[in-house]
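Subject: Structure for your review

Dear colleague,

Please find below the structure that I am handing over to you. I would be grateful if you could read the notes that follow it with the structure open beside them.

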Amino acid sequence: MSKAFIDFLESIVAAENILLEEPMHKHTTFRVGGPAEVFVTVENKEQLEKIIKYLNLVERPYFILGNGSNLLVGDKGYRGVIIRLGGEFNTLKTEGTLLTAGASVLLSAAAREAMENGLTGMEFASGIPGSIGGGVKMNAGAYDGEMRQIVESVQVMYKDGSILDLDNETMEFGYRNSVIKNRPYVVLQVSLRLQPGNREEILARMNDLAARRKEKQPLEFASAGSTFKRPEGYFAGKLIMDSGLRGARIGGAQISEKHCGFVINDGTATAADIAELIQEVSETVKEKFGVTLEPEVILLGDF
């Protein structure tokens, strides 16, 4: 990493917000991943704009990090710049039935804020371990709820630093998909339109969903949640179970005995173990049932 580039970053953000060769296992829910060449935390839109414009100008690879809950970083790390959104990107505001959250706010925190203000519609997201930014990017969902049902608008930054406001229709939400996945946009903040509700009933619903998650999902292990998208007309977990893969493992990576839709890290897995097991599952299911399982997990860096 050139001194000129570090000097450039230090002219924009505080020196303590710049980390070199930062281990990515600290920043993903899989708890694996080698070092990021540069790991920088930006506090506001102005800092982000300057850095993104420069990185695009010099064609240096970069990745915007949310909560790392849908990310598998290779054991050899990432030769580029990881940008984490801090500061103003971690703020929450409620006005009437409109909840506005910065991109790095956790979905669980936003759901709790909604509950505290007697607003319903976000209970489904209360146990999803991602950020608001990641949640709208992949149209996160659970228990018959999806982000597209509650998003009013999304403020994004284009690669040239310009800021756009996208309404729900412009977001082109699909199953685990949105326009954000297909264009060089960075989510800055999200406005969610919720409905008035009873605080106690909302809390009871959230507690019920948490209990169901605990019963059915391997929350005691590091994972990225559901590893595969749901193929049309099927359930990924059932296909994996019916392929005889319950409990299958490669190194420290294992198909959960509790829920076959989850690849877990038993505490000793490498990123390569996890990637290899994901590949083996896809190939086996394709061979047995002719169904292609597509991973929800983003693979980043060198394996």
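Arg 31 is partly exposed in this predicted model, as its relative accessible area is 48%. This arginine belongs to the loop between β1 and β2, the latter spanning residues 35-42. Its phi is positive, at about 60°, although Arg 31 is not a glycine.

Glu 21 also deserves a look. This residue is not a glycine, yet it has a positive phi of about 50°. Glu 21 is located in strand β1, which covers residues 18-23.

May I next direct you to the helices α1 and α2? Helix α1 comprises residues 3-10 and helix α2 residues 45-57; the two pack at an angle of about 155°, and their axes are 10 Å apart. Helix α1 is therefore roughly antiparallel to α2, since angles over 145 degrees are placed in that class. On the side of α1, the contact involves Phe 5, Phe 8 and Leu 9, which meet Lys 50, Ile 51, Tyr 54 and Leu 55 of α2. Sorted by class, the residues of this contact are six nonpolar, no polar and one charged.

The aromatic residues come next. There are four aromatic pairs in total. In one of them, Phe 5 and Tyr 54 have ring centres 5.8 Å apart and ring planes at 20°, so this pair is stacked. Because Phe 5 lies in helix α1 and Tyr 54 in helix α2, the pair ties together parts that are 49 residues apart in sequence. Phe 5, Phe 8 and Tyr 54 together form one aromatic cluster.

Finally, please turn to Glu 215, which is part of helix α6, residues 199-216. Its relative accessibility is 58%, so Glu 215 counts as exposed. Although Glu 215 and His 259 are 44 residues apart along the chain, their C-alpha atoms are separated by 9.9 Å.

Yours sincerely,
A colleague

Methods: Residues are numbered from 1 along each chain as its sequence is written. This is a predicted model: local features need pLDDT of at least 70, side-chain atom pairs count only at pLDDT 80 or more; totals for chains, interfaces and linings use all residues. Side-chain values use heavy atoms; hydrogens and water are left out. Axes are lines fitted to C-alpha atoms, for helices over the stretch in contact, and angles run from 0 to 180 degrees between N-to-C directions. Helices (H or I, at least four residues) and strands (E, at least two) are DSSP runs, numbered from the N terminus. Angles under 35 degrees count as roughly parallel, over 145 as roughly antiparallel, 65 to 115 as roughly perpendicular and the rest as oblique. Contact means heavy atoms within 4.5 Å. Ala, Val, Leu, Ile, Met, Phe, Trp, Tyr, Cys and Pro count as nonpolar, Asp, Glu, Lys and Arg as charged, and the others, Gly among them, as polar. Buried means under 20% relative accessible area, exposed over 50%, partly exposed in between (1.4 Å probe, protein chains only). Rings of Phe, Tyr and Trp (its six-membered ring) pair if their centres lie within 6.5 Å; planes under 30 degrees apart count as stacked, over 60 as edge-to-face and the rest as tilted.
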